[in-house]
Structures are given as C-alpha cells and as structure tokens.
Amino acid sequence: MVIFPPLNKWGIDPDGNFRQRLKKGNWAVGLNGDICFDGYYQIQHGRLKEPEWFIHLMSKDWFDFNEFMPIYLQAYINARIKEITFITHY
C-alpha cells in the first residue's frame with residue numbers, strides 16, 4: 001500500500017500535482033489512481049503503464065473513449081506517474 005503525503009485544501013500534493021477523485025459517465029478514478037467502470041471493471045494504478053490498455057478497451061462495445069480519457073489522465077496524476085505510452089491501431 002502506498003501512502004501519499006497529505007493534500008492541501010485545494011487537492012494539491014507537495015509536488016504541485018492536482019489530485020482528485022473524478023467521475024465521468026460510468027468511469028471513476030480514486031485518489032490512488034485506481035480506475036473503475038460501472039463498479040465492476042477495474043484497472044489498478046500499478047497496471048496503468050501497461051501500453052495495451054487502449055487496444056484492449058477499444059475492442060469492448062461499451063467503451064467510450066471520450067469518457068475514459070479524462071479519467072485515465074487523472075489516474076496518472078493521482079498515481080504520481082509522470083510518463084504515458086499509448087499504443088493503438090486504426
């Protein structure tokens with residue numbers, strides 16, 4: 001379990017990152033960076049850097065890219081991950 005330093009009253013951690021809980025559509029992200037869809041489909045913050053997420057999720061008929069992207073990017077901030085790799089096919 002990772003313990004983060006306390007946030008100030010605006011949700012900013014000591015490194016200047018704005019960490020917040022966020023919900024968009026059926027997606028939600030927690031303060032630790034864990035992502036959840038509709039209460040059952042989860043992406044743990046430790047797996048965020050796996051670059052195949054978009055290929056996998058885009059194959060799902062329930063996936064909405066516009067709902068997911070703000071959640072995904074906020075998860076990186078909340079998990080204090082500074083680098084993102086995207087792999088997708090069109």
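**A short tour of the fold**

Glu50 is partly exposed, with 30% as its relative accessible area. The model shown here is predicted. The protein chain contains 2 helices and 4 strands, and from the N terminus on these elements follow the order β-β-β-β-α-α.

**The chain as a whole**

- Of the 90 residues in the protein chain, 30% count as buried.
- Among the contacts with a separation of 6 or more, 53% come from residues 24 or more positions apart.

**The sheet**

- The 4 strands make an open sheet in the order S1-S2-S3-S4, and their pairing is antiparallel.
- Why is one side of S1 and of S4 left without a neighbour in the sheet? Strand S1 (22-24) and strand S4 (41-43) stand at the edges and have a single partner strand each, so one side of each has no neighbour in the sheet.
- From one strand to the next, the twist averages 15 degrees.
- As a general point, strands of a sheet pair through backbone hydrogen bonds, and the pairing can be parallel or antiparallel.
- Strand S3 (residues 35-37) and S4 run antiparallel and are joined by 3 bridges.
- If you look for Phe37, you will find that its bridge partner in S4 is Tyr41.

**Ala28, a residue in the sheet**

- Ala28 belongs to strand S2 (residues 27-29).
- Ala28 counts as partly exposed, because its relative accessibility is 27% and this class lies between the 20% and 50% cut-offs.
- Not counting residues up to four places away in sequence, Ala28 touches Leu22, Lys23, Asp34, Ile35, Cys36 and Ile71.
- The C-alpha atoms of Ala28 and Gln42 are 9.6 Å apart in space, and the two residues are 14 residues apart in sequence.

**Two residues of helix H2**

- Tyr72 lies in helix H2.
- Is Tyr72 buried or exposed? Tyr72 counts as buried, because its relative accessibility is 1% and buried means under 20%.
- Leaving aside neighbours within four places in sequence, Tyr72 is in contact with Ile35, Leu48, Phe54, Ile84 and Phe86.
- Tyr72 and Leu48 are 24 residues apart along the chain, and their C-alpha atoms are separated by 8.3 Å.
- Pro70 also lies in helix H2, and Pro70 is partly exposed, with a relative accessible area of 31%.
- Which residues does Pro70 touch, not counting those up to four places away in sequence? Pro70 touches Leu22 and Lys24.
- Pro70 and Leu22 are 48 residues apart in sequence, with 8.5 Å between them in space, C-alpha to C-alpha.

**The salt bridge**

- How many salt bridges does a search of the whole structure find? The search finds 1 salt bridge.
- Glu50 forms a salt bridge with Arg47, and their closest N and O atoms are 3.0 Å apart.
- Glu50 and Thr85 are 35 residues apart in sequence, while the distance between them in space is 8.1 Å, C-alpha to C-alpha.

**The segment after H2**

- Thr85 lies in the segment after H2, and at 39% relative accessibility Thr85 counts as partly exposed.
- Phe86 lies in the segment after helix H2 (65-78).
- Phe86 is partly exposed, with a relative accessible area of 44%.
- Leu73, Ile84 and Phe86 form a nonpolar patch on the surface, and together they have about 240 Å² of accessible area.
- Arg80 has its place in the segment after H2, and Arg80 counts as partly exposed at 27% relative accessibility.
- Most residues other than glycine have a negative phi.
- Arg80, a residue other than glycine, has a positive phi, near 60 degrees.

Definitions and conventions
Residues numbered from 1 in each chain as written. Predicted model: local features only at pLDDT ≥ 70, side-chain atom pairs only at ≥ 80, totals over all residues. Heavy atoms only, no water. Pairing = 2+ DSSP bridges. Axes fitted to C-alpha atoms, helices over the stretch in contact; angles between N-to-C directions. Patch = residues over 30% accessible without salt bridge, like charges linked within 9 Å, V, L, I, M, F, W, Y side chains within 5 Å. Areas by Shrake-Rupley, 256 points an atom, 1.4 Å probe, with all protein chains shown as cover. Salt bridge = Lys/Arg side-chain N within 4 Å of Asp/Glu carboxyl O. Buried < 20%, exposed > 50% of the residue type's maximum accessible area, 1.4 Å probe, protein only. Contact = heavy atoms within 4.5 Å.
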